[in-house]
Amino acid sequence: MKLLILFTILITIYKTKSASLLTGFYDQNSTNLIEDKQAIKEIDVLRQIINQETIIRLTLVKEVKAMANDMNSLKRSMASMETTVASLKENSTNIYQELNKSKSQTIEKDDIRSCEKEWVNYQGDCYYFSTSTASFLDAMGACHRFDAEMILLQNAEEEKWLDLQFRIRGYPANRQVWLGASDVQHEGRFLSVSNAEGLRYSHWVRGQPDNLGGREHCATYWIQNKGMNDAPCNNKYNYVCKTNVLKKMLALSTSKRNT
Ligand SMILES: [Ca+2]
């Protein structure tokens with residue numbers, strides 16, 4: 001009996017153990033299944049992440065390409081703008097030069113008008129034609145009082161213009177007009193009385209200067225003979241004073257300040 005009871009106990013223990021082992025087996029399988037599902041789930045998530053990363057990467061590449069295109073476009077725009085700026089600079093320089101030119105021309109026109117009344121402008125210089133006669137010395141003094149000099153012939157063109165002016169003003173053709181040159185220092189060597197320099201241009205009447213009677217030391221323009229002559233300095237002739245326009249303006253300005 002005791003043995004039966006012990007056997008029964010052993011059988012019970014065995015069954016219980018077997019049941020326990022079987023339960024453990026099932027439990028283990030169940031756990032593995034859950035883990036597999038979890039792993040699959042995680043793999044899916046990972047795949048989704050990888051897919052999203054790929055999409056993001058492709059999008060980024062696309063955007064970088066677009067930015068590179070934009071940069072190139074900007075570079076081209078910058079180059080175009082630089083060209084435009086250079087062109088504008090050139091245009092502004094031209095406009096500035098034109099303005100200066102225009103300003104300069106305006107000043108020139110003002111200067112032309114700046115010759116005083118009774119003075120005549122010819123190629124930027126002012127000329128005063130005397131209405132009375134005077135000795136060479138008095139004529140020279142009269143011009144100095146105007147801050148001017150006695151005329152000398154500068155060239156054939158001016159000589160032609162002066163000859164016309166003498167005739168228009170009724171200077172007697174058989175009379176002469178003083179020129180600012182003398183050979184009183186060295187006979188036959190006419191120098192400008194303004195700066196003691198030799199004459200740059202001369203147009204003597206044929207046979208002149210002849211120092212007739214040994215007393216002709218002052219230069220004239222002989223209207224009748226259309227050329228230069230030497231005459232006695234005490235003779236009384238018309239004279240012409242000449243000054244540069246700017247010099248005349250400065251003299252006028254000084255004169256106005258002193259009054
Ligand atoms: Ca003579």
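Good morning. The model before you is predicted, and I ask you to keep that in mind throughout.

Let me begin with the whole chain. Its secondary structure comes to four helices and eight strands. Read from the N terminus, the order of these elements is α-β-β-α-β-α-β-β-β-β-β-α. The chain has 259 residues, of which 19% count as buried. As for contacts between residues at least 6 apart in sequence, 65% of them join residues at least 24 apart.

The largest nonpolar core contains 30 residues, and M150, V177, W178, L179 and Y239 have the most contacts inside it. Several elements supply at least two residues each to this core, among them the helices α2 (136-145) and α3 (156-168) and the strands β4 (176-182) and β6 (218-222). Which residues does W178 touch, if we leave aside those up to four places away in sequence? They are F136, A139, M150, C218, T220, Y237 and Y239.

A brief word on α3 is in order. This helix has 13 residues, and at 1.5 Å a residue it should span 18 Å; its end C-alpha atoms are 18 Å apart, so the two values agree. After α3 comes G170, which has a positive phi, near 75°.

Let us next consider β6. Why may we call this strand largely enclosed by the rest of the structure? Five of its five residues are buried, and therefore the description holds. The burial concerns both faces: C218, T220 and W222 lie on one side, A219 and Y221 on the other, and all of them are buried.

The partners of β6 complete this picture. With β4, the strand pairs in the antiparallel sense over four bridges, and here V177 has Y221 as its bridge partner. With β7, five bridges are formed, again in an antiparallel arrangement. In that pairing, Y221 has M228 as its bridge partner. The strands β6 and β7 also form a hairpin, with four residues between them, and K226 in the turn has a positive phi of about 50°.

Strand β2, residues 125-129, has one covered face, made of C126 and Y128, and one uncovered face, made of D125, Y127 and F129. How many bridges join β2 to β1, residues 119-122? There are four, and the pairing is antiparallel. A hairpin is formed by β1 and β2, with two residues between the strands; in its turn, Q123 has a positive phi of about 50°. The strand β2 also pairs with β8, in the antiparallel sense and over five bridges, where C126 stands opposite T243.

V193 has 21 C-beta neighbours inside 10 Å, and so it counts as buried. Leaving out residues up to four places away in sequence, V193 touches M140, M150, G180, A181 and S182. Of these contacts, S182 is eleven residues from V193 in sequence, while their C-alpha atoms are 6.7 Å apart in space.

Thank you for your attention.

Notes: Residues numbered from 1 in each chain as written. Predicted model: local features only at pLDDT ≥ 70, side-chain atom pairs only at ≥ 80, totals over all residues. Core = buried A, V, L, I, M, F, W, Y, C linked by C-beta atoms within 7 Å. Buried ≥ 20, exposed ≤ 12 C-beta atoms within 10 Å, placed from the backbone. Contact = placed C-beta atoms within 7 Å. Expected span 1.5 Å × (residues − 1). Pairing = 2+ DSSP bridges.
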